[in-house]
Amino acid sequence: MSPTAVMSIDVEDWFQVENLKRVVGRDTWDSRELRVERNMDRMLELMANARVRSTCFVLGWVAERCPRLVERIAAAGHEIASHGYDHDLLTSMTRDAFRADVTRSKTLLEDLTGAEVRGYRAPAFSITDWAIPILQEVGFAYDSSVFPTIAHDRYGRLTGMADRAVVELRPGFHEVTISCLRAGSRGLPWGGGGYFRLIPYRVFRRGIRSILRQRRLYVFYIHPWEIDPGQPRVEGLGHTSRFRHYIGLETAEQRFASLLDDVRWSTIADLLADPAYGSSATPAGAGG
Ligand SMILES: [Zn+2]
């Protein structure tokens with residue numbers, strides 16, 4: 001049976017979130033309380049209990065400061081992938097700066113784990129067409145940064161996606177999209193984030209099950225800071241940003257634990273190793 005649901009974690013700390021960038025400057029990162037290690041260790045514990053393996057997109061900045069954490073994630077059987085080094089949006093980087101950023105993060109992670117890093121996820125999903133050949137040249141085999149068919153003020157777009165969940169963008173290079181729930185001609189972002197923490201759990205799970213029932217791939221994402229209600233609260237955020245970041249933090253750990261039990265999860269590496277998804281042939285089951 002083909003893997004049909006992917007658990008993915010963007011391993012970054014609470015102060016690195018795009019949503020908070022306006023009030024938490026990059027120059028303050030070194031003085032912020034580092035909480036990613038304990039939060040990620042808790043997630044590793046929950047995943048071990050549920051016998052779930054995930055794909056972890058680790059930020060290079062975090063890997064440099066918490067190298068033992070990266071080793072623990074890999075030793076527990078999870079796939080290590082890259083979330084870039086500095087969490088800059090692609091829209092704010094030159095192509096050379098992007099190449100340097102992803103090369104630095106890939107090398108760092110490979111030196112720590114001794115294993116090839118094949119996957120990339122853009123900060124705040126800000127992927128764009130020019131980045132794809134660079135990712136492939138640097139040695140990545142897939143990107144997972146696209147929400148198909150939704151309107152959002154920030155999320156990136158790629159051409160040629162044709163509303164499919166897994167697309168071979170170039171020979172040997174795949175895009176694995178984050179899931180949306182179809183609602184009329186559009187899609188609701190159903191892969192995690194504020195929706196996951198806001199909507200009643202049973203409603204969210206029903207959405208996942210309807211995606212899986214249609215034999216469509218389901219890809220979920222979460223961050224370690226989302227299960228940390230004790231994280232420092234920052235001042236000066238607008239209403240929308242405050243809501244997006246702080247909604248549902250108290251209950252997210254329990255929801256995450258339930259989700260681990262309620263769905264049969266896989267890694268992106270395992271998904272792409274399956275001929276139904278990773279080969280150039282794309283059967284109907286891989287669509288949507
Ligand atoms: Zn991120």
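# Questions about a predicted model

Modeller: Let us begin with His245, which is placed in helix α8, residues 239-246, and keep in mind that the whole model is predicted.

Colleague: What makes His245 count as buried?

Modeller: The relative accessibility of His245 is 0%, and since buried means under 20% relative accessible area, His245 counts as buried.

Colleague: Which residues is His245 in contact with, leaving aside its neighbours within four places in sequence?

Modeller: Apart from those neighbours, His245 is in contact with Trp14, Val17, Asn19, Leu20, Arg197, Trp225 and Gln231.

Colleague: Which residues are the protein donors of the zinc ion, and what makes them donors?

Modeller: They are Glu12 through OE, His83 through NE2 and His87 through NE2, lying 1.9 to 2.1 Å from the zinc ion; a donor is an N, O or S atom within 2.8 Å of such a metal, so these atoms count as donors. In sequence the donor residues follow the spacing E-x70-H-x3-H, and both His83 and His87 are buried.

Colleague: How do you know whether the pair of Phe98 and Trp130 is stacked or edge-to-face?

Modeller: By the ring rule the count comes to 17 aromatic pairs. In the pair of Phe98 and Trp130 the ring centres are 5.5 Å apart and the planes stand at 85°; the limits are 6.5 Å for the centres and over 60 degrees for edge-to-face, so this pair is edge-to-face.

Colleague: What makes Phe204 and Phe220 an aromatic pair, and of which kind?

Modeller: Their centres are 6.3 Å apart and their planes are at 80°, which against the limits of 6.5 Å and 60 degrees makes the pair edge-to-face. This pair also links distant parts of the chain, with Phe204 in helix α7 and Phe220 in strand β10, 16 residues apart.

Colleague: How do you know that the reach of helix α7 is close to the one expected?

Modeller: Helix α7 (residues 201-213) has 13 residues and reaches 18 Å from its first C-alpha to its last, which is close to the 18 Å expected at 1.5 Å a residue. Its buried residues are Tyr201, Phe204, Arg205, Gly207, Ile208, Ser210 and Ile211, and what covers them includes β8 (180-183), α6 (194-198), β10 (218-222) and α9 (249-262).

Colleague: Why is Arg51 called exposed?

Modeller: Arg51 has 79% relative accessibility, and as exposed means over 50%, Arg51 counts as exposed. Arg51 is placed in the loop between α1 (36-49) and β2 (55-58), and has a positive phi of about 55° although it is not a glycine.

Colleague: What makes you say that Arg104 lies over the face of Tyr85?

Modeller: Arg104 is 3.6 Å from the ring centre of Tyr85, and the limit for a charge over a ring is 6 Å, together with a position within 35 degrees of the ring normal. Lys106 likewise lies over the face of Phe140, at 5.5 Å from the ring centre.

Colleague: Which residues touch the most other members of the largest nonpolar core?

Modeller: They are Val11, Met40 and Ile127, in a core of 73 residues. Not counting residues up to four places away in sequence, Met40 touches Ile9, Val11, Met47, Cys56, Leu69, Ile73 and Pro224. There is also a second, separate core of 18 residues, which includes Phe125, Val166, Leu272 and Tyr277.

Colleague: How many helices and strands are there in the protein?

Modeller: There are eleven helices and ten strands, and of the 288 residues of the protein, 56% count as buried.

Technical notes:
Residues numbered from 1 in each chain as written. Predicted model: local features only at pLDDT ≥ 70, side-chain atom pairs only at ≥ 80, totals over all residues. Heavy atoms only, no water. Helix = DSSP H or I, 4+ residues; strand = E, 2+ residues; numbered from the N terminus. Expected span 1.5 Å × (residues − 1). Buried < 20%, exposed > 50% of the residue type's maximum accessible area, 1.4 Å probe, protein only. Contact = heavy atoms within 4.5 Å. Donors = N, O, S within 2.8 Å, 3.2 Å for Na, K, Ca; no water. Phe/Tyr/Trp six-rings, centres within 6.5 Å; stacked < 30°, edge-to-face > 60°. Core = buried A, V, L, I, M, F, W, Y, C linked by side-chain atoms within 4.5 Å.
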